[in-house]
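Subject: Structure for your review

Dear colleague,

Please find the structure below, handed over for your own work.

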Amino acid sequence: MAQKRVSLFVTCLVDQFYPEVGEATVRLLRHLGVEVDFPADQTCCGQVALNGGYRSHATAVAKRFVEVFRGSEAIVAPSGSCVATIHAHYGDLLRGYPELAEEVASLQARTYELSQYLVDVLGVENVGARLPSPARVTYHDCCHALRDLGVGAQPRRLLSAVDGAELTEMKDSASCCGFGGTFSVKFADISSAILREKLHNVEATGADVLTAVDSSCLMHMGGALRRQGSRTRPMHIAELLCEGIEGERA
Amino acid sequence: MTDVLSAHFKEQAAEAIGNATIQESLDRLVNFRQGRVDAIAEYGQERWDALSQSAREIKRETLEHLDYYLDELSRNVERAGGHVFFARDAAEANEYVAKVAADNGVKTVTKSKSMVSEEMGIADVLESMGIEPVETDLGEYIIQLAREAPYHIIAPALHKSKEEVSELFERILGTPAESDITALAGVARKVLREKFLEADMGMTGANFGVSETGTIVMVTNEGNGRMCSSLPRVHVATMGMERVIPRLRDVATYLPLLTRSATGQRISSYVSFVTGPRRSDEEDGPQEFHLVILDNGRSRMLADPELREALYCIRCGACLNACPVYGKVGGHAYGWVYPGPIGAVVTPSLVGVPKAKDLPFASTLCGACRDVCPLKIDIPRMLLKLRSDAVEGPAETRVPRRVESLMMRAWRRTVAGPRLFSLAGKVTSAAQWPLSRRGSLRWLPPPLSGWTRTRDFPRAAMRPFRARWRKDEGNRGG
C-alpha cells in the first residue's frame, strides 16, 4: 500500500482549548503509518459565522479554507461538525465562485472526520489501544457527524476493539446534547434543559468515560459533568484510541 | 389573523421549562416517536423511502405549476356545485367566511381541526358577529374552553393533564369532576352532539385538495370532520394554497406518510372525501359548499428557492416530536399557530422575520427534524437561511444586532490568518487566568454568563496545538 499522507485540520476549538486532542490525532495517525502534516495557515472552517447568520463572513472563511488546503492529498479533522460544515455547506457558501466549484467538490471528497478516515479509508478497526485499567465507555452520537456524515458505526467499531473498554450504549445516544454553538449561550435555559436529560442518560449507563468525535459536544457535556462533580469523565475518541499505543508525540 | 406572540419566545420558553405538568406532558411525546418508528419498520424502510421520494416528486411538480393545479381544482369544485375563494391574506379569508355566515343567517358553527383556520383566527371573527364557533376535535374543544392556542399540530391539548381537563369541564360546563379519560371524552361528546345537530354551518380544513376531481380530503380520528361537513346546511373548507395535489391516486402516496409519521397509525379512523355540496338526488350533505384557499405569505415562500420546500409540509407533526427544543419548550413558546421546527421556518416566513426574530435561532441545528420528515424537508438549512436574512438580509427582514455584528467582524479578521488567530488565543488565555480554577471557569461575564450558570467552561490552553506542533516539527516521521 502506498504511503498515506494527510493534512491535519485541527479545528479552532481543539487548537486553542484542547491541543491534546490534536496531539492524540497526530499520534494515532502516525502509529497507523500515515504521514501527517499541519498547514500552518489554517484557522477555522467558518461554522461559527454560518450558524450565526453571518453568511458573508462564513463565505470568506470557507474560501480561505479551500486555498489553505489546496495542496493536501486528504484532510482529517478530529471533529464531525467542522467536517460536516465543509461537506454540507461549502457548496452553498461558495456558490458565488463558480470557478471554485470543482475544487470545492474535490475538497469535500477528500475531507474526513477522524474515525471515518480510520475505518472507511484505512480499513482499520483495531488501532491497538489498551486502557490502563478496564473502563466502561459510552458513546454520544454528535448530531452533525451522525446526520450529515453518517458517522455512527465507525467510532463504535473502533471503541469495541479497544482493550479494556466496555462499550455501553446509552438511551437515545443520537439525541442532541443541547449545545448548538451560540444557542447554548443565547438560549441557555433551553440548552441546559436538553443537556440535563442527555446527562441523565449518560450517567444511567454507569460509564467511567463519555466519548464522542467532537470536542464541542464534549466541552458542553463535560462542563456540566464537572460542575455536578460527576465521576464520568469526558474524553475525545482520539485520546481514548491513543491509550497504550506506541507512537511519537506531535 | 391570529396574533403573533413569537417575539416573546424566550419568556414563553422559560415558563414551560419551569412548569412540571408541562414537562411531564412533553415526556409523553416519546409515544408518538415510538409509534412512528414502529410504523415505518412495519412498512419497510426501503418502501418508505421510495414513497417519500414520490411524495417529494409530486410536490415539486405541483408547486412548479401551482397556478395550473389551483385553477384546475377551482374549476372542478365549481363544476361539482361548490364555490371557491382565493384569499390573499387572513383578513380576506375571514371577510369571505363572515359574509357566507351572514348571508345564511348562521347562529352556530361547528369546526373540525384546521391549522389554516387557526392562522386566520376565524373563531374570534365569528364570535364578534354573535355567532358561536364550536371546536369539535376533542383537543381543540379543550383548548377552546381554556381560551388557549393549539400546543401541537396534531395534539392541540397535549399539554393538558386529565385533572386539568376535568377542572376545566367542571368550571365551564358544570359537569362533576371526573378522573377517567373515557368518561371525560363522554362529557365532551354529549355537548358536541347537541352542537352538531344545532349548527347551521360547518367549517373544516383540508389535508389535500385533489385538483383533477375537485375533492377535498380530510384525515381525522374522531369522525368530527365528517359531522361538520355533512350535517350543517353550509360547509366551508379552508386550505393553504400548497395543499393541492394533482390526482386522486396521489392520496395513496401521502396518506400512509401522514398517518404513520403523525401517530404511527396505518390509517386514521376516518378519511373523508368531499366533492361539492349535496347533489339533487342525495338526501344528506350541505346545500352549499365553499372552499377558501389561503395564500397569506405562501407565494413569498414559493418564490424563494431556499424556502420553497417548506411548502412540501403535510403537517404530520413528526418534527415537533423529534425536536429537542420543542421537547422542552412546548408549543406555546413559539407564539403563533405552527410550533416546533417547521413552525420556526413557517412563522418567520409568513409573518416576517422581525416579528419572530428568535425562532430561526432557537434550534441546535441537530437535524433530527429533517431525519424524521416524511417529505425530507431540510429544515436546518432553512433556519440558516432565515438567520442570514435576519443578519444580512434586506431591510425588511433584518433585525439589528450591533454588538454581535461588531464581534463577528472582529472574529472574521482574527481567523483571516494564523498570526492574529494565535494572538487572540493568547489574549483569551491570559484574560481567563484570574477566573479559572484547575483548568476551568465557573463564572463568565455576560453574554457568556448563561453558559456558566449550569456548566463549567474550559480554559484556553497556555500552548495551543499550533505552538506545540512548531516545536516538535522536526520529529515527524511516518
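Over all chains, the structure holds 46 salt bridges, a salt bridge being a side-chain nitrogen of Lys or Arg within 4 Å of a carboxyl oxygen of Asp or Glu. This is a predicted model, in which local features need pLDDT of at least 70 and side-chain atom pairs count only at pLDDT 80 or more, while totals for chains, interfaces and linings use all residues. Residues are numbered from 1 along each chain as its sequence is written, chains are lettered from A and ligands numbered from 1 in the order in which they are written, and side-chain values use heavy atoms, with hydrogens and water left out.

One of the salt bridges joins Asp37(A) to Arg5(A), with the closest N and O atoms 3.8 Å apart. Asp37(A) belongs to strand 2 (residues 35-37) of chain A and Arg5(A) to strand 1 (residues 5-8) of chain A, so the pair ties together parts that are 32 residues apart in sequence. Helices (H or I, at least four residues) and strands (E, at least two) are DSSP runs, numbered from the N terminus.

The interface of the two chains comes next. Between chain B and chain A the count is 11 salt bridges; Glu404(B) and Lys186(A) meet in a salt bridge through their side chains, at 3.1 Å from N to O. The rule also finds 38 residue pairs in polar contact across this interface, both residues being at pLDDT 80 or more. A polar contact is a pair of N or O atoms within 3.5 Å; within protein, one must be able to donate a hydrogen and the other to accept it, and residues adjacent in sequence count only if both atoms are side-chain atoms. On the side of chain B that touches chain A, helix 19 (residues 379-392) of chain B gives the most, with 7 residues. That side has 31 nonpolar, 15 polar and 26 charged residues, where Ala, Val, Leu, Ile, Met, Phe, Trp, Tyr, Cys and Pro count as nonpolar, Asp, Glu, Lys and Arg as charged, and the others, Gly among them, as polar.

In total, 72 residues of chain B are in contact (heavy atoms within 4.5 Å) with 71 residues of chain A. The area buried between chain B and chain A is about 6,300 Å², of which carbon and sulfur atoms give 57%; buried area is the accessible area (1.4 Å probe) that two parts lose on being put together, summed over both.

The peptide bond from Pro446(B) to Pro447(B) is cis, with omega near 5 degrees, and Pro447(B) is placed in the loop between strand 12 (440-441) and helix 22 (449-454) of chain B. Lys376(B), in the loop between helix 18 (368-372) and helix 19 of chain B, has a positive phi of about 55 degrees although it is not a glycine. The side chain of Thr175(B) reaches the backbone oxygen of Phe169(B) at 3.5 Å.

With kind regards
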